[in-house]
Structure formats: structure tokens, C-alpha cells
Amino acid sequence: MDKLTLPPVIAIDGPSASGKGTVAQRVAQALGFHYLDSGALYRLVALKVLQDGHNLDDETQLADVARNLNVVFQDSAILLGGCDVTDDIRTEQCGILASQLAAYPGVRAALTDRQRAFRQQPGLVADGRDMGSVIFPDASLKVFLTASAEIRAQRRYKQLMEKGINANIADLLQDIKNRDDRDRNRSIAPLQQLHDAQLLDTSSLTISQAENTVLSWYDEIHAKN
Ligand code: CDP
């Protein structure tokens, strides 16, 4: 595809449980854009590894699992090998393992093309850790969406309770801090605020306020081009 005709991308990166998924989905809906939840791909690799019992030290084998994932995103459902795993990938166990597997360059490389394939007309909103840095470095708008670790632990707690998954706030806070450390300090595609990304701290914002901020930033860019 010619670079000039590539569909626009809004890249929303940020730490665990910052609310970027919810905001990204709402922005995509408001603009009629496609949506990529890149974290779901890492969680799917984790689930498959748990199901099949792969060796967690064998990067080549783990990269093969990532490359050969048989996954279908169907409306709001996610099918792995034909089975609905929409809720199964949301457990803390999957999230923690996803973050460990995501530190392997081979696993990340195996998922790159799959993520770029989501870039379709009329545009894409993609959320994750490296959307603006690695997967879509030419994104029209890059947002670094964050919130304090305490607020994120409360949000994750509420999200899990709504899904009927048991959780404990203190454990969640510790998990979030561990995951932040791992995501920020890994050598490949670390979580970082890029110099060309807009910072959006949602600690004291509602979801609608966060959504409207991203939409207004995108409107400004659109008006200039
Ligand atoms: O739900 P949460 O925000 O904790 O994480 P997620 O977006 O579902 O992603 C799960 C894990 O995959 C994260 O902890 C990251 O380590 C990893 N990930 C990544 O490395 N790169 C991405 N683009 C997306 C997720």
C-alpha cells in the first residue's frame, strides 16, 4: 500500500489497567474506525501456552505458538481454535504470563504482521505498549494514557468483580507494580512515553472525559491536514 494512502492510526499506549482499552474502543466507535487490542494477542499466546504446557524458557517454541495462533476476532468475541476465550484471557494468570512472554523478541516479532493487518480503511485505533514506537511509528496521533498505580488497581478490581473473577486489591496493586517494572525495563519495545506522544493522565478523569480529550486531539490534527 502506498504510504500516502495508508489508513490513519491513533496509537494509545500505556501501563496495565490504565483504562486505555476502554478509551480506545470508544474512540474507535466514535470515529467508525477499526480497533486493535494488541494486549489480547499476548494474552492469547499465554492462554495457548498454558493449555498446551509449553516450556517457558524455549523462545523458539513460544514464537512458533505466537506465529501459528488460530484466532478470530468476531465482534466483541475472541475465538481461539474455534472456542470462545473472550473471558478466559482476562484472568490475572494470563495477564502475568503475557507480560513475561512479551519480553521475548521472537514472540513480539511473530505478532508484528498480525497487528499491522488491522490497519484498514477508514482508520484504526490501536492500544498496547509499543503501538506508537514499533508497530505504527507513523501514527497520526500518539497518546500515552496513564493513571496512578492505586487508581489502576481499583479499576482492575472492579473490572474483575464485574466478570465474577475473585480478586484482592493489595495483590492487584503488587501485580500492577511488577508488571509496570517488567514492561518499562525490558530491553525490547519497553513501555515509554515517546517524545511525540500526548500525555493523558486519567487518574481524575471519567471515561467520557478521556475519550473526548483523545477525540479533540485527533480533530486538531485532522483540521491541520
Ligand atoms: O490488561 P493489561 O493492560 O494489564 O494488559 P494487556 O494490554 O492486556 O497486555 C497484557 C500484557 O501483554 C502486558 O502486561 C504487556 O506486557 C504485554 N503487551 C506488550 O508487551 N505489548 C503490547 N503491545 C501489548 C501488551
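## The cavity

The largest cavity comes in at about 40 Å³. A cavity here is a set of points, on a 1 Å grid over the protein atoms alone, where a 1.4 Å probe fits but cannot get out; points are joined across faces, edges and corners, and the volume is the space filled by probe spheres set on them. The structure holds one cavity of 30 Å³ or more.

This is a predicted model, where local features need pLDDT of at least 70 and side-chain atom pairs count only at pLDDT 80 or more, while totals for chains, interfaces and linings use all residues. Residues are numbered from 1 along each chain as its sequence is written, and side-chain values use heavy atoms, with hydrogens and water left out.

## What lines it

Lining residues have an atom within 4 Å of a cavity point, and for the largest cavity they include Asp-13, Lys-142, Phe-144 and Gln-193. Strands (E, at least two residues) and helices (H or I, at least four) are DSSP runs, numbered from the N terminus.

Sorted by class, the lining has five nonpolar, three polar and two charged residues. Nonpolar covers Ala, Val, Leu, Ile, Met, Phe, Trp, Tyr, Cys and Pro; charged covers Asp, Glu, Lys and Arg; the others, Gly among them, go down as polar.

## Around the ligand

There are 19 residues around the ligand, and Ser-16, Arg-43, Arg-108, Arg-179 and Asp-183 come nearest; to count, a residue needs a heavy atom within 4 Å. Now for the polar contacts (pairs of N or O atoms within 3.5 Å). A polar side-chain atom of Arg-108 sits 2.7 Å from a ligand oxygen. For Arg-156 the distance from a polar side-chain atom to a ligand oxygen is 2.9 Å, and an N or O atom in the side chain of Arg-186 is also 2.9 Å from an oxygen of the ligand. On its own the ligand has 520 Å² of accessible area (Shrake-Rupley, 1.4 Å probe), and the protein covers 97% of that.

Helix 2 (38-52), helix 4 (92-101) and helix 8 (169-185) each give two or more residues to the shell, and helix 2 gives the most, four. The shell has nine charged, five polar and five nonpolar residues. Domain 1 (7-14 + 126-216) and domain 2 (34-121) both contribute to it, so the ligand lies between them; the bounds come from an automatic or database domain assignment.

Most residues other than glycine have a negative phi, and most peptide bonds are trans. Gln-121 and Pro-122 are joined by a cis peptide bond, with omega about 5°. Pro-122 is in the loop between helix 5 (105-116) and strand 6 (124-128). Asp-75 has a positive phi, near 50°, and is found in the loop between strand 3 (71-74) and strand 4 (77-80).

Key: On a 1 Å grid over the protein atoms alone, a cavity is a set of points where a 1.4 Å probe fits but cannot get out, and a pocket is an open set with protein on both sides within 12 Å along at least five of seven lines; lining residues have an atom within 4 Å of a point. A polar contact is a pair of N or O atoms within 3.5 Å; within protein, one must be able to donate a hydrogen and the other to accept it, and residues adjacent in sequence count only if both atoms are side-chain atoms.
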